[in-house]
Amino acid sequence: MRRRAHRHTGLRTLIIVIIIAAAVMAVLFGVFNIHHVEVSGNEQFTAEQIQKDLMDSRLTHNTLYLGWKYRNAQAQNEVPYLDSVQVKILSPSSVRINVTEKPLVGTIQYSSQYACFDDEGIVLKLLDSQPEDMPLVTGIMMDSPELYQKLAMDNTALRKNMLDLCGILSDSELDVKTVNFDDNLNITLYIGNIEAELGQAEYLSEKIANLVSLYEKVKNQKGTLNMTAFTGSDEPITFEEETESETEGETDITSLQNYDTYFQVYDSNGVLHNDARVVNGAVVDSAGNAISGCSLNEDGNVVDAYQNVITLNLPTESNQTETSASAGGNDTLGTSSVTGQTSETAAETQASQETTADSSAQQDTAAQNETSDSSTLTAGSGVMAFDSNGTLHYDARIVNGQVVDSSGNVISGCTVTEDGNIKDAYWNIIDPSTGANLNGQ
C-alpha cells in the first residue's frame, strides 16, 4: 500500500515539474521574444540581409539564446561575409547586433553578372550592375562564379597575383577603376585619366606605394606612367602625357555619343559578341550591358579583349586644326630618369611604318593574285571579315576566287583557302555560306 502511495506521489511530482518547466519556457519565449533589432557596423550588406541570415530559426528569435550564441563575437557559417558578430541585449525584446564585414577587394564580370570577392578569392556578392567602390578586374578567364565559393580559375599564378594586388590596392588611397592582366600577366591600372603600367607582379607593394605619390603629381593630366622596370631603387619611371588631339582629324573619345552599327568583339572571358556597338563612349551589347575588356582607343576605334582593333570610321571635327605629332613631352617624376622620343626618331619611325605598310600591301596583292588563279567561286549576300586595316566588312564574299565587298572591291588581307573558305586579315576562317567562324573561338 505504501509503495503504491509513494508511486502516486512521484508521478504527481514529475507532472508538477513538467508544468513548471513548460510555464518557464512559455515565459522565456514570450517575454524574451525579439521584436526589435538594431544592426550597426555594416556598409556593404543590408541590415535586413544580416538580420535574416543571423536569425534563421525559432531559437535565434529568443533574446537570451541569440546573446549566448554570439557571446564570443565569432561569426558562424551561415554568414560567411562577416568577420565578427556581437549581440547586446537592450531589453527582453530588443537587441543590437554589431558586425564587422569582410572587405570586398575587387569584382570580375562573368556574362551579365559581377562577382565581388574578398582577399581570399571567395565570392561574397553577385550583382547585376558594376559596383563603383571596387576595381573591375579584366583579362581573367574563369568558370561561372558561385556565391560563397572561391573563384573558379585554373591559373593559380594569375589568381595569386590578382588577390595580392587587389589586397594592396584596397589598403591604398588610389581609386582604381580597372585592373587589367594581359596574356603575359602584365598588369595595367586605370585611375582617372592615368594609365599605370606595372608590368609583372613583382615588387607590387613598392610600386603601389610610389604610385600613390606619383599620381598626385599627374592626376590632373592625361597620360601613361611606365613602372615596368621599377624595383624600389633608381630604375626609370616615365610619364608620357597625351594632348587632347595628337594628330589631325583625331576623334575625341569623350565626345562620342552613339554608334548604332553592330560589330563583332571578344570580351575578357573569350566570348564572341556579334551585337557590339558604342553608346556614350562605351562598348556595349544590344541590351546596353558593358562588354568587359573592350574600350575605345585614342583614334576613336574599338579595341576588344584580344587586342583586335575595329575601325568605326567615325566622323571627325571639321574645324580641327593640325597639331604636333609629339605627345606633349615626357616629364621627370621624382629622382627617376626620363627618356623621350625626338622629332628625328619620330620621323624615322613614321618612315619605317610607311615602308612596312607598302610591303604589306604588296604581299596582299600577291596573295590576291595567287588566289585569283583558283577556280571561279561565287558567294551569296556576304559575311563578316576583317581587312588588313582592322576594318570589319559585313558584305564579304568570294567572286572569281577573290574576297570582295558588295561593290566588287577586293578586301585587303583576305584570301580564299583550299577548302573554299575565307581567311581574313586576323586569320579568322569564315564559312562563306553561313558566316560561321571555323576557328572554334
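Guide: In this predicted model, F45, Y81 and Y148 form one aromatic cluster. The ring of F45 also carries a charge above its face: the charged end of K125 sits over this ring, 5.0 Å from its centre.

Across the whole structure, a search finds five aromatic pairs. One of them joins Y81 and Y148, whose ring centres are 6.4 Å apart, with 25 degrees between the planes. The pair counts as stacked because planes under 30 degrees apart are classed in that way. Y81 belongs to the loop between α3 (63–69) and β2 (82–91), and Y148 to the loop between β7 (136–138) and α4, so the pair ties together parts that are 67 residues apart in sequence. The two partners can also be described by their accessibility: Y81 is buried at 0% relative accessibility, whereas Y148 is partly exposed, at 29% relative accessible area.

A further pair consists of F386 and Y426, with ring centres 4.8 Å apart and planes at 35 degrees, so this pair is tilted. F386 is part of strand β20 (residues 383–386), while Y426 lies in the loop between β24 (422–423) and β25 (429–430); the contact therefore ties together parts 40 residues apart in sequence. F386 is buried, its relative accessible area being 6%, and Y426 is partly exposed at 28%.

To return to α4, this helix spans residues 156–170. At its start, a side-chain oxygen of N155 comes to within 3.2 Å of the backbone nitrogen of A157. The buried residues of α4 include L158, M162 and L165.

Note on methods:
Residues numbered from 1 in each chain as written. Predicted model: local features only at pLDDT ≥ 70, side-chain atom pairs only at ≥ 80, totals over all residues. Heavy atoms only, no water. Helix = DSSP H or I, 4+ residues; strand = E, 2+ residues; numbered from the N terminus. Expected span 1.5 Å × (residues − 1). Buried < 20%, exposed > 50% of the residue type's maximum accessible area, 1.4 Å probe, protein only. Polar contact = N/O pair within 3.5 Å; in protein donor to acceptor, adjacent residues only side chain to side chain. Phe/Tyr/Trp six-rings, centres within 6.5 Å; stacked < 30°, edge-to-face > 60°. Lys NZ or Arg CZ within 6 Å of the ring centre and 35° of its normal.
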